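Notebook open, viewer running. I want to look up the ligand site and then a few residues along the chain.

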Amino acid sequence: MEHSTQKRETFSGRRAFIIAAIGSAVGLGNIWRFPYTTYENGGGAFIIPYLIALLTSGIPLLFLDYAIGHRHRGGAPLSYRRFSPHFETFGWWQVLVNVIIGIYYAVVLGWAASYTYFSISGAWGDKPIDFFLHEFLKMGDITQGVSFEFVGVVTGPLIAVWLVALGILALGVQKGIAKSSSILMPILVVMFMVLVVSSLFLPGATKGLDALFTPNWSKLADPSVWIAAYGQIFFSLSICFGIMITYASYLKKDSDLTGSGLVVGFANSSFELLAGIGVFAALGFMATAAGQEVSEVAKGGIGLAFFAFPTIINQLPFGEIVGVLFFGSLTFAALTSFISVIEVIISAIQDKLRMRRVKVTFIVGLPMMFVSVILFGTTTGLPMLDVLDKFVNYFGIVAVAFVSLVAIVSNEKLTLLGNHLNETSSFKVGFFWRLCIVLTTGILAFMLFSEGAKVFSEGYEGYPAWFVNTFGWGMSVSLLVAAFLLSRLKWKDEELAHKKGE
Ligand code: PHE
C-alpha cells in the first residue's frame, strides 16, 4: 500500500520533545487557574495535597501516557488499539474531548491576543468589567433566552489565531510544533520573569503574598481541597488528554522517557509557583490601592485576566508595558497548549485514514474554526464556555482517565508498560509506580462520583436546566457514543492498526 511505508514523523531529539511537552503543559492552567485555586484551598497548606497529587498521580500518569504512546507509536486511538483492540474507544474519546476543548481554548486565546493590543490602545477605559462583557463580548443575559448575534471584534482575532495555529501544525512535528515552542517558550519565560519580579516591587505586594501563602491547615480535612489539587495537576500537566500519548509517539526509539517526564513535571510546577507569586503580588497592590482586602479582589480565570488585570494595569505608571507582558504571556502560553490539543486530532485522523499532514490539518482545522466562530463569536459565548469547560474538561477527562486505567490495570498491562519505560529510561519505575496508578484509579472514581452527584442534584452555577442538560450532560454522553462509533470505522490500513509498533 502506498502510504504504509510512510515513516512516522519524529522530534529531532529529547530537547525538542521536552520543550513541546512543556509548551503544552504551561498554559492558562498555570497562569490563571493555579494561583486562585491555591488561595481558595488553604493557601500555603494547599502545597501538601498539591505535591502529593503531583508525585503520586501527576508524574506517574505522565509516565504512563508516555509509555502508551512511545511503545505503540501512534496517536491516541492507534496507540490504544495496538495496545488492545478493545481499547480504541478510549483514544477517540480523548480525541473528541480535544475537539471541544480546542473550539473554546481558541476563543480565550483570541481574547488574550486582542487584549495584548488593547493594552497599548487602552481600549478598556476605566470600567474593564463593563467593557469586557458589554462592549467587547456584547454578552446577552442567558436567563432572557439565548441569542446568537455575531460580535465582529471577537471574530477577527479568533480566525487569526486559528490560522496561525494551523499554519504551525501544517509544518509538522519538528518544523512546526517543536520549532514554534522553542521560540515561544523562552520568550514567554523572559516576559513572565520580568512581570513577576516587577510585581514584587509594587506597594502592597507582600499583602498579596501573605494572602496566598498563609496556610489554613484546617482545609486539609476537606475532601474538596484534595479534589482541587488532583484536578489542578491533571489539567495543568495535560495528562489523560491523549496529548502526551501523541507527543511521545514522535520520540525516537531509544529516548529517556521518565527522565524527560520529571523535567516536564517540575518545570510546569515551577512555572505555576512563579505565576502564583506574580498574580498575588499584583492583587495585593490592587487591594491596597483600593483600600480593600485581598479577599475582595482575588479572582481566577476570566475574572482575573480580563477584569482584575486591566484594573491593575490602569493604575500603573508603565501600564501599557505591563499589559503587553501579561497578555502577551497569556497568548504565548495558550498558543502552545492549543497547538497540542489540535495535534491530538490531526494525528488520530492521519493514522486512521493514512492521509498527509497538511491535508488533514485543514480538513480538521477549518470546520473546527467555523464552529468556534459560530458558537463563540456570538453573544452566548461566555456561559457556553463555562458549561462546556465543566463537563468536558472535568467530567469528560476524569471519566476517560478512570475507565482507561481500570481497563489497563484489570488486564494486567501495567508491568508491560513499566518494562517498556525501564528499557530506555534513566529513572526506573517499579512497584511504587504501579501502586500509584492503582491508587489514582480510586481517586478518579471518587472525583467523578462526588462531583457528579453534586452537579446532578444542585445543577451548575445557576444556569437554566435545559442549557446544562444540552451542553453539559448531553454533550458528555454524545461524545462517548461518537467515540465508540469512530472506533468501529474501518482502518484504511488494517495491517498498520494491528502492528505493535513501527
Ligand atoms: N495544560 C494546559 C494548561 O495548563 C491546559 C491544557 C489542558 C491544554 C489540556 C490542553 C489540554 O493550561
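Before anything else, a note to myself on helices: I count a DSSP run of H or I as a helix if it has at least four residues, and I number helices from the N terminus. By that count, Ser-410 belongs to helix 17, residues 381–410. I also keep in mind that this is a predicted model.

**Entry 1: the ligand**

I started by asking which residues come nearest to the ligand. There are 14 residues around it, and Ala-25, Leu-28, Gly-29, Phe-235 and Ser-238 are the nearest of them.

The side chain of Ser-238 has an N or O atom 3.0 Å from a ligand nitrogen. Asn-30 also uses its side chain, with an N or O atom 3.1 Å from an oxygen of the ligand. For Ser-24 I found a backbone N or O atom, 3.3 Å from a nitrogen of the ligand. Then I checked the cover: on its own the ligand has 310 Å² of accessible area, and the protein covers 100% of that.

Where does the ligand sit? I found it in the largest cavity. I then looked up the elements that give two or more residues to the shell, and they are helix 1 (14–25), helix 2 (28–40), helix 10 (223–236) and helix 15 (319–353). Helix 2 gives the most, three residues. Sorted by class, the shell has seven nonpolar residues, seven polar ones and no charged ones.

**Entry 2: positive phi**

A reminder for this entry: most residues other than glycine have a negative phi. I looked up some that go the other way.

Cys-240 has a positive phi, near 70°. I located Cys-240 in the loop between helix 10 and helix 11 (243–248). Is Cys-240 buried or exposed? Its relative accessible area is 6%, and buried means under 20%, so Cys-240 is buried.

Arg-354 is another, with a positive phi of about 50°. I see Arg-354 in the loop between helix 15 and helix 16 (357–376). Arg-354 has a relative accessible area of 9%, so it counts as buried too.

I also noted Lys-138, which follows helix 6 and has a positive phi near 50°. Helix 6 itself covers residues 128–136, and its buried residues are Pro-128, Phe-131, Phe-132, Leu-133 and Phe-136.

**Entry 3: partly exposed residues in helices**

I placed Ala-289 in helix 12, residues 257–290.

Val-189 is in helix 8, residues 173–199. With a relative accessible area of 37%, Val-189 is partly exposed.

Last, I returned to Ser-410. Its relative accessible area is 52%, and the cut-off for exposed is over 50%, so I log Ser-410 as exposed. The side chain of Ser-410 reaches the backbone oxygen of Ala-407 at 3.5 Å. I also took the C-alpha distance from Ser-410 to Ser-340, which comes to 30 Å for residues 70 apart along the chain.

Conventions:
Residues numbered from 1 in each chain as written. Predicted model: local features only at pLDDT ≥ 70, side-chain atom pairs only at ≥ 80, totals over all residues. Heavy atoms only, no water. Near = heavy atom within 4 Å. Polar contact = N/O pair within 3.5 Å; in protein donor to acceptor, adjacent residues only side chain to side chain. Areas by Shrake-Rupley, 256 points an atom, 1.4 Å probe, with all protein chains shown as cover. 1 Å grid on protein atoms, 1.4 Å probe; cavity = no way out; pocket = protein on both sides within 12 Å on 5 of 7 lines; lining within 4 Å. Sits in = over half its atoms within 2 Å of the grid points. Nonpolar A, V, L, I, M, F, W, Y, C, P; charged D, E, K, R; others polar. Buried < 20%, exposed > 50% of the residue type's maximum accessible area, 1.4 Å probe, protein only.
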